[in-house]
Amino acid sequence: MALAYTLAMKTCLSCSAPGIFLAACLATGQVLAAGPVSEQDYLGEMPVVLSVTRLAQPLNETPAAVTVLDRELIRRSGARDLAELLRLVPGFIFTHIEGAVKPTATYHADYDSITRHLDVYVDGRSVYSSLLVGTASLGMMGIVLEDIERIEVLRGSNSAAYGANAFLGVVNVVTRHAADTVGGMISVSAGQGNLRDGVARVGWGDSHAAFRLTAASQADDGFNKLADSKRMQQLNFRGDLQLTGRDELTLTAGHAALDWNSDTEYGVMDQRWRNSHARAEWTRTLDSASQFKLSATTDEELYRDFYPLMRADGVSRRVVLEGTYSFVANPAWRFVWGTHYRHEQVHSVDLFAGHPDQSFASWRLFGNAEWRPHAQWLVNMGGLWERHSIIGSESAPRLVVNFLAAPGHTLRVGATSAYKLPTLFELRSSWYLDGQPMIEARGGARSERIDTTEIGYLGQLHPTLSLDFRGFVEKVKGLLRYSRPCSGCGNDVVNKDPNTQRGWEGQLRWQPSPDTQVFLNHTRLSLVPDATSSALNTDPYRAPRHFSSFVLMQRLPENIDLSLIHTTTQSYFWVRKDDMLPAFRQTDLRLAKSFRLGTTRAEAAMFLRAIGGGHVDYVQRGLPEVYLDRRLHASLRLDF
Amino acid sequence: MTYGLAWAQKPAIWIVTTDSGPVYREVADTVRGEIDRVLPDAVQWVVVPAQQIDVSAPAPKMIITVGSGALAAVAALPADVTAPVLATLLPRLAFDRELGRATKKLTASAIVLDQPPVRQAALIRAALPGARQVGLLLGPESRQMLLPLRSALQDYGFSVHAEDIGQRGMFAALQGILDDSDVVLAIADPAVFNSETISAVLTAGYRRQVPLVAFSPAYVKAGSLLGLYATPSQVGRAAAEATRAMLAGAPLPIPAAPREFSIDLNAAVARSLGLSLREDEMRRRMGATERKP
């Protein structure tokens with residue numbers, strides 16, 4: 001399936017699907033009314049529904065490497081959360097930081113352990129949390145996989161369309177249109193490690209107005225040898241309304257509550273995270289070649305831990321307003337431009353001792369021009385400019401050329417520059433551990449930058465075999481690091497450690513028959529520190545030198561479905577060089593049978609993680625070893 | 001006297017159009033043009049819109065109607081007009097309906113707009129070789145087509161999921177077939193496919209990556225992936241062929257679609273779905289697998 005909503009039309013990726021038509025004049029002047037069929041049904045005019053601005057860009061025309069995970073793959077992967085799914089995308093590594101409760105995925109290298117350099121969107125809302133250091137890991141857990149229509153993963157920096165935080169890549173999650181989930185769904189899972197999950201969903205309405213409410217709960221005791229149990233509960237709402245022939249409104253809202261404990265350097269900590277959000281997006285189609293979108297989002301978060309010596313409790317609130325206008329000027333030129341305003345405030349007595357209330361505002365302007373000088377050539381020129389109330393201005397330009405060399409074979413060459421703004425924590429924090437200053441940010445932190453040049457190929461090698469390849473040189477500058485200016489001082493947050501990430505990644509997709517699909521991902525990565533970098537932070541082993549994943553999905557007779565996932569990762573470290581994570585392999589197996597109970601569709605499945613036995617998943621001095629066990633769980637899903 | 005006799009031997013053919021609209025005229029002009037080209041000056045043509053039929057005109061050897069309104073008008077003519085009727089440019093159901101309503105016995109056949117199910121199945125197979133299940137959304141008119149459609153589609157290796165909008169309503173029926181179909185084949189029925197419902201059908205289908213194969217170029221412009229249809233000229237040429245046979249003494253052919261057909265492709269939708277389709281390639285594949293009906 002080649003379906004990636006136009007990257008240039010960034011907010012199109014928030015996908016309320018095309019649902020408008022033009023009022024068109026009927027050439028014959030007759031109104032078609034239900035009645036006997038006549039030649040008028042064959043000869044009459046129809047309004048244009050799927051106009052050019054509403055159609056998604058095919059994958060070979062996107063100005064970036066994109067991997068799409070569709071609903072079927074998500075279901076057959078057996079994954080319980082988004083981070084786990086991302087290990088099926090080339091270039092992504094996946095682990096559990098400090099325990100089962102923190103599934104963490106990152107693209108290429110992370111330099112921290114919290115998915116700091118990846119931006120994740122759900123229906124147009126960024127789930128990147130600026131609380132504390134900034135991470136997408138928590139937000140990624142607040143997504144119900146059964147509600148997802150597809151995930152578009154943009155591998156590579158995308159600040160030119162997404163702004164700060166889209167440093168290494170963007171994960172864009174699109175949930176199902178409410179009209180597509182009318183009815184009910186229940187799913188329950190139970191398994192080893194006291195795993196108990198449940199999802200209940202109800203949808204109502206029709207193509208004019210449809211709504212959905214999903215309640216989900218996930219809980220387990222984590223890995224055997226650790227205290228890392230969790231419970232996640234969430235309630236999500238979505239409404240899709242066709243207000244008039246040319247106006248659509250999409251409403252989303254939700255609340256997530258995550259409680260967990262983890263084995264940390266400071267002992268076992270109980271932690272809590274809460275998130276409430278609401279968003280409205282209005283799309284107006286002006287004519288068959290242009291449209292605009294306006295959206296407003298509000299998001300609140302709370303984090304609390306119960307460890308007395310080093311607390312990091314805080315609340316944050318964010319308001320985002322965005323407008324985008326896109327139009328097709330003629331067959332050779334398409335444009336998108338837009339503006340984005342955000343205001344974020346944080347309150348934390350622990351993190352900002354002395355001045356617990358902090359805030360910032362930022363404006364962005366972005367635009368992209370897509371030029372087709374010739375049927376086989378496509379040029380994307382775009383960029384984003386941001387003005388941050390504390391840091392000042394940043395910009396992220398991008399230039400990408402796609403050459404459709406032959407039908408089914410596309411080459412892509414591009415250069416892009418991206419940035420990551422420091423969070424309020426990195427600029428202003430004053431954080432004490434047991435009375436001693438641990439972090440004292442002096443406000444000198446500036447944006448991290450990454451300049452990428454890449455070459456890509458997307459092609460059909462054979463009717464049943466396709467290849468997606470990306471070769472890249474990613475120059476990272478000014479990584480934010482902790483550094484003590486004097487002994488006894490708290491760590492300042494400063495920019496240093498430039499280094500280069502170089503390598504290639506690819507995915508081979510083979511579909512020898514409609515019942516068999518095979519994916520093979522492989523990534524080769526080397527980190528080359530700059531002469532001025534500090535040895536630790538840019539050590540070549542900070543990311544695995546190569547890693548791969550293999551997925552087989554096979555339909556068997558009697559409506560039985562088999563998936564086999566195998567991942568291999570070379571040795572690397574996350575935090576300290578002496579904490580090398582040994583190389584590991586993991587094989588997971590899923591078997592499912594679908595059947596009917598009257599008009600209800602049902603699927604019973606079992607998922608065995610690490611059938612070859614477990615492996616060490618994360619190592620950090622002072623912490624017990626994080627050992628990912630073999631685990632079996634079973635689930636039953638009913639759709640009415 | 002001889003002159004009058006010679007004149008009287010030239011057969012008259014009436015072409016009755018539903019109204020004076022351009023589409024009907026195109027069919028009429030094509031028939032005339034084709035016959036005049038191969039049998040110059042052999043026919044006395046009487047071309048009139050339905051409201052202007054003159055029953056006192058010379059009795060025709062055959063009557064060609066263009067459109068369902070024209071057939072209705074001809075069927076209502078007095079019983080002494082007994083010429084065989086070739087109805088053109090109308091759906092098979094409209095033809096059957098008008099014949100059923102006629103108060104007198106009519107010898108009639110038709111060049112219909114409905115494409116043969118076998119051809120529709122062949123097109124879907126040629127365009128989407130990996131497709132396994134075809135969805136059908138049927139209504140009060142099109143539900144009669146279910147059996148021949150199912151049979152032809154199954155012959156081409158498809159399984160069929162058909163929903164009747166009369167049972168669960170349009171929305172539920174559409175969601176039902178989109179859930180498990182790889183492609184939807186639209187069959188003309190104003191209760192199911194019209195300018196009001198087309199938006200919901202195309203957008204819901206597009207969200208699920210399920211393309212629509214429809215029956216007119218207007219649907220392709222709207223967003224349908226493919227359209228399989230016969231143009232007025234193609235209908236006219238088929239009518240001319242039947243007329244020529246009639247003039248040579250053959251009986252009316254059985255009601256059928258024209259041999260010639262057109263395929264329209266929405267290239268933007270095809271690209272967006274990751275399909276690279278070419279009309280000539282699809283025709284070639286259709287020709288290769290076409291089974292004689």
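**A walk through the contact between chain A and chain B**

Let me begin with one pair across the two chains: the side chains of Asp515(A) and Arg132(B) meet in a salt bridge, with N to O at 2.8 Å. By salt bridge I mean a side-chain nitrogen of Lys or Arg within 4 Å of a carboxyl oxygen of Asp or Glu.

Please keep in mind that this is a predicted model, in which local features need pLDDT of at least 70 and side-chain atom pairs count only at pLDDT 80 or more, while totals for chains, interfaces and linings use all residues. Side-chain values use heavy atoms, leaving out hydrogens and water, residues are numbered from 1 along each chain as its sequence is written, and chains are lettered from A and ligands numbered from 1 in the order in which they are written. The pLDDT itself is the predictor's confidence in each residue, from 0 to 100.

Our opening pair belongs to a network of salt bridges that links Glu72(A), Arg75(A), Arg76(A), Asp515(A), Arg555(A), Asp561(A), Arg590(A), Glu603(A) and Arg132(B).

How many residues does each chain bring to the contact? Chain A gives 48 and chain B gives 49, where contact means heavy atoms within 4.5 Å. The area buried between the two chains is about 4,000 Å², with 60% of it from carbon and sulfur atoms; buried area here is the accessible area (1.4 Å probe) that two parts lose on being put together, summed over both. Of the area that chain A buries against chain B, 20% is supplied by Val37(A), Tyr42(A) and Met46(A), more than by any other three residues.

Between chain A and chain B there are 6 salt bridges. On the side of chain A that touches chain B, the largest share, 5 residues, comes from helix α1 (residues 39-43) of chain A. Helices (H or I, at least four residues) and strands (E, at least two) are DSSP runs, numbered from the N terminus.

Now let us look inside chain A, bearing in mind that the structure holds 64 salt bridges over all chains. Arg54(A) forms one with Glu248(A), their closest N and O atoms being 3.1 Å apart. Arg54(A) lies in the loop between α1 and β1 (65-70) and Glu248(A) in strand β12 (residues 247-264), so the pair ties together parts of chain A that are 194 residues apart in sequence. Arg54(A) is buried at 4% relative accessible area, and Glu248(A) is buried at 4% too; buried means under 20%, exposed over 50%, and partly exposed in between (1.4 Å probe, protein chains only).

A further salt bridge joins the side chains of Asp588(A) and Arg87(A) at 2.6 Å, N to O. Why does this pair tie together parts that are 501 residues apart in sequence? Asp588(A) lies in strand β33 (residues 584-597) of chain A, whereas Arg87(A) lies in the loop between α3 (82-85) and β2 (92-96) of chain A. Asp588(A) counts as buried at 0% relative accessibility, and Arg87(A) is buried at 8%.

Finally, a word on confidence. Chain A has a mean pLDDT of 86, and 92% of its residues reach 70 or more. Over residues 1-33 of chain A, however, pLDDT stays under 50, although the model has 133 contacts for them beyond four places in sequence. Where pLDDT is low, the predicted coordinates should not be read in detail.
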